[in-house]
Amino acid sequence: MRIGIVCPYSWDVPGGVQFHVRDLAEVLVDRGHDVSVLAPADDDTPLPAYVVPAGRAVPVPYNGSVARVNFGPISAARVRRWLREGEFDVLHIHEPATPSLSVLACWAATGPIVATFHTSTLRSRAMLAAYPILEPTLEKIRARIAVSEDARRTLVEHIGGDAVLIPNGVFVDRFAGATPEPAWRGEAGTVGFIGRMDEERKGLPTLLAAFELLLAARPGTRLVVAGRGDAEEAAEDMSASVRAAVTFLGEVSEPEKARLLRTVDVYVAPNLGGESFGIVLVEALAAGAPVLASDLDAFRRVLDDGRVGVLFPTGDVTALAAALGDLLDDEPRRQELSRAGSAWCRRYDWSTVVEDLLAVYETVAAGAGAVREDERRTWRERLRL
Amino acid sequence: MTWTLGVALLLVVGWYLFFSATRLDRIHARVEGARSALDAQLVRRASVSLQLAVSGLLDPATSLLVAGAAHEAREADDADRELAESNLTRALHAAFDESGLPEALDADPAGHALIGELAGACLRVELARRFLNDAVRGARVVRRKRAVRYARLAGHAPWPPTFEMDDTPPPGLMRGGRAAPSTVLP
């Protein structure tokens with residue numbers, strides 16, 4: 001199949017959507033499909049062969065943070081050219097409610113269009129203001145995919161209709177086969193955390209407070225923290241003994257992340273909220289790490305309601321410290337969790353996920369003809385279909 | 001002799017306090033006037049932005065960006081307003097600077113009228129904020145005076161706040177003589 005994929009966020013900035021698009025494109029290429037990805041990027045950025053740059057991304061304030069995106073007539077013209085030259089059998093856009101290339105592509109195209117909704121944090125007020133503008137464009141989407149139950153619920157509440165659930169994919173074997181790193185181990189056990197340090201909702205402060213309690217009872221335990229952010233700032237309130245027991249790795253590469261998850265005795269996800277899926281939990285399961293996570297809806301689902309991982313009340317430092325101590329003391333329980341997790345996470349493996357996505361592509365493309373440029377000439381007509 | 005001097009002194013002090021109170025009252029009125037003028041211009045800018053966003057003249061990505069920012073600006077409470085208005089300014093810059101959008105809109109009669117109005121609104125926001133902050137600075141000078149402080153002439157009136165935001169009109173929008181050039185402002 002000839003598949004056109006549109007990524008709304010700047011290709012050179014790491015992020016969940018970008019990683020998902022990259023992995024998806026690579027899996028599809030491996031299976032012999034003809035894939036082209038349109039993404040915001042400078043013309044001189046080094047890019048994989050399948051990526052077509054749509055021009056430099058512009059940082060704009062959107063939904064409470066800064067997004068690096070493409071919009072405006074010049075980007076719209078590039079999108080049209082890409083659509084014309086691509087002659088795709090199916091067009092797969094990501095995050096179509098973001099002011100970027102995805103909505104432009106949806107606007108400019110007609111035919112088999114598939115859209116994936118990743119986020120569960122659409123702001124309803126801004127969404128309501130903008131919805132009349134989007135409606136005619138989003139109506140062209142023939143198949144809607146949500147990556148999680150939370151993303152699906154957001155979609156249903158704000159836009160209406162329904163979506164099929166296809167989770168984000170993980171290369172399970174890359175995590176299962178990674179080599180542990182002895183230098184990161186603590187003699188009385190190793191605890192891992194991955195996530196942005198400076199983002200409150202990722203919950204690092206909760207974990208650090210719990211770890212301090214734990215350390216009093218279990219000296220020699222090590223906490224390894226990976227992720228973007230200022231380690232000095234995070235370490236500010238720590239006593240010297242706690243500081244000495246924490247290793248800050250900074251931002252890590254994908255292989256390093258896999259090795260970290262293979263090294264730890266317990267992986268902790270202390271997030272406070274705002275999570276739509278929790279891909280890092282799946283990665284931890286894939287690496288065979290026992291997972292201890294806050295009981296957010298999204299995490300509860302990924303951990304099969306606590307069967308393949310342990311849940312604790314969100315934000316509860318004492319409960320986290322107690323659960324962490326129990327897990328570190330209970331080797332058989334950890335082995336059991338590791339086995340159950342490794343089996344469960346297969347459903348998130350790219351080999352499964354891509355089959356589901358191809359089934360969606362085939363369903364919408366069957367007898368539909370190729371993706372064409374929407375011929376309506378004036379902008380006004382194009383919007384008010 | 002001494003009582004005549006005393007009365008004269010009292011008269012002078014009384015007159016000075018009366019004069020200061022009147023001056024303070026006048027300048028407070030000027031601040032409030034300037035504040036409501038700025039409020040009106042900000043609301044107008046947000047409304048025109050929203051109108052443009054839903055006009056169907058923009059591509060949907062730009063529409064979404066502008067509509068989102070305009071909506072946030074209109075809904076923001078006092079504490080968040082400066083940030084929300086600055087974000088609208090940034091969104092307008094992103095939409096209109098070096099995007100080719102103003103030129104495309106100029107080709108359409110309705111579009112031409114709307115961006116003319118938006119350019120005017122942006123310029124007036126810049127002016128109104130300048131006038132407000134100028135009035136606030138004046139009010140602060142008067143309120144710092146000893147006579148005003150000791151005689152508590154300001155009563156319980158709050159310390160007048162300035163309005164701090166990024167209000168630079170997008171250059172892409174201001175070209176083509178759409179609004180008076182803002183070069184009069186330093």
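This is a predicted model: local features need pLDDT of at least 70, side-chain atom pairs count only at pLDDT 80 or more; totals for chains, interfaces and linings use all residues.

Residues are numbered from 1 along each chain as its sequence is written, and chains are lettered from A and ligands numbered from 1 in the order in which they are written.

**Exercise 1.** Describe how domain 1 of chain A touches domain 2 of chain A.

Step 1. The domain assignment, which is automatic or taken from a database, gives chain A a domain 1 (2–169 + 349–379) and a domain 2 (172–347).

Step 2. The centres of these two domains of chain A, taken over C-alpha atoms, are separated by 32 Å.

Step 3. Counting a contact where C-beta atoms, placed from the backbone, lie within 7 Å, 14 residues of domain 1 of chain A meet ten residues of domain 2 of chain A.

Step 4. On the domain 1 side, helix 5 (residues 149–158) of chain A supplies the largest share, three residues; helices here are DSSP runs of H or I with at least four residues, and strands are runs of E with at least two, numbered from the N terminus.

**Exercise 2.** Locate A:Glu87 and decide whether A:Glu87 is buried or exposed.

Step 1. A:Glu87 lies in the loop between helix 2 (72–86) and strand 6 (90–94) of chain A, and its phi is positive, about 45 degrees, although A:Glu87 is not a glycine.

Step 2. Most residues other than glycine have a negative phi.

Step 3. A:Glu87 counts as exposed because it has 12 C-beta neighbours inside 10 Å, the classes being buried at 20 or more other C-beta atoms within 10 Å, exposed at 12 or fewer, and partly exposed in between, with C-beta atoms placed from the backbone.

How values were computed:
Two residues are in contact if their C-beta atoms, placed from the backbone, lie within 7 Å.
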